Amino acid sequence: MKVTGDFYAYLWPGLTNAEMQTYGNNCNSYIVADALPGGRHVLVDPGMITNETGLKCLDHLVAEIEADDLRIEDVGLIINTHAHPDHYGASEEIRKLCKSQVTIGKGEDEFVRMTSGKKSGTGQIGFELPELQPDFYLKEGELLLGSRYMAEIYYTPGHTKGHIGVYWPEHKIFMAGDLIFYGSTGRVDLPGGSAHMLKNSIERVARLDIEYLFTGHQYGGPGILKGKGQIESNFSSIRANVFSYL
Ligand SMILES: [Zn+2]
């Protein structure tokens, strides 16, 4: 689904949809079309190949991308907001298919070392950990992609140690991963999580000029928050209703 300009969103319905059909877990994925030289695309958070309900999440994503007249084969760079399998799980599969590069925040390197060279096994978080092999790590600051777009990487730790968000200043779009959702935040009780850091990261992002907040999950609310009014009131309600419980 096209959101604005070259920005496309593929929102996972959530554990169940309005008709109570089961979808299970997966993340929202986003594409910035034609952002790289040669007309290739940036894909942020590819999601899983298959989730716990047996749904083929990657096939579903590919079909949705094709319905927008884009091709998965044109993905040149996969940016992962953090090292949880429901976000990065399909990275290696897409890399093989598309010869794309894979990247993630520097702070996730411990996790990457844990998965590399091993047959995926059950990690501390209690589910399968697919392998993740970044071509390079993201640093805080500008990420030059080509002549058309410049992205800014923000370190946003708290949900995980090396979580990052991607800001597109020309379009005032922030891709938040599992930092913040509609009415809630990412959990802080998994390895590497920190409530203190999550709150600091949220306050830092709240100071950016944002017109579209692209979140990592819908969780019963909209996956994309639009307009300064809705975005600011979401930050306020999270400060008032969620911060003290973190
Ligand atoms: Zn996560």
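Predicted model: local features only at pLDDT ≥ 70, side-chain atom pairs only at ≥ 80, totals over all residues.

**Exercise 1. Determine which residues of helix α1 are buried, and how they are arranged about its axis.**

Solution. 
1. Helix α1 covers residues 57-67, and its buried residues are Cys57, Leu58, Leu61 and Ile65.
2. Seen down the axis of α1, these buried residues fall within an arc of 95°, so they line one face of the helix.
3. An α-helix has 3.6 residues a turn, so residues three or four places apart point the same way.
4. The other side of α1 carries the exposed residues Asp59, Ala63, Glu66 and Ala67.
5. The cover over the buried residues of α1 includes β2 (7-10), β3 and α3 (91-98).

**Exercise 2. Decide whether Leu132 is buried or exposed, and identify what it touches.**

Solution. 
1. Leu132 belongs to the loop between α4 (109-115) and β7 (136-138).
2. A residue is buried if 20 or more other C-beta atoms lie within 10 Å of its own.
3. Leu132 has 21 other C-beta atoms within 10 Å, and therefore it is buried.
4. Leaving aside residues up to four places away in sequence, Leu132 touches Ala83, Tyr88, Ser91, Ile104, Val112 and Thr115.

**Exercise 3. Describe the largest nonpolar core.**

Solution. 
1. This core has 56 residues, and Ile31, Val42, Phe174 and Phe214 have the most contacts inside it.
2. Strand β3 (residues 29-36) gives the largest share of the core, six residues.
3. Not counting residues up to four places away in sequence, Phe214 touches Ala9, Tyr30, Ile173, Phe174, Met175, Ala176 and Ile224.

**Exercise 4. Why can the protein chain be called as compact as a globular protein of its length?**

Solution. 
1. The chain has six helices and 15 strands.
2. Its radius of gyration is 17 Å, close to the 18 Å that the globule rule gives for 246 residues, so the chain is as compact as a globular protein of that length.
3. Buried residues make up 43% of the 246 residues.

Key
Residues numbered from 1 in each chain as written. Core = buried A, V, L, I, M, F, W, Y, C linked by C-beta atoms within 7 Å. Buried ≥ 20, exposed ≤ 12 C-beta atoms within 10 Å, placed from the backbone. Helix = DSSP H or I, 4+ residues; strand = E, 2+ residues; numbered from the N terminus. Contact = placed C-beta atoms within 7 Å. Arc of directions from axis to C-beta. Rg over C-alpha atoms; globule rule 2.2 N^0.38 Å.
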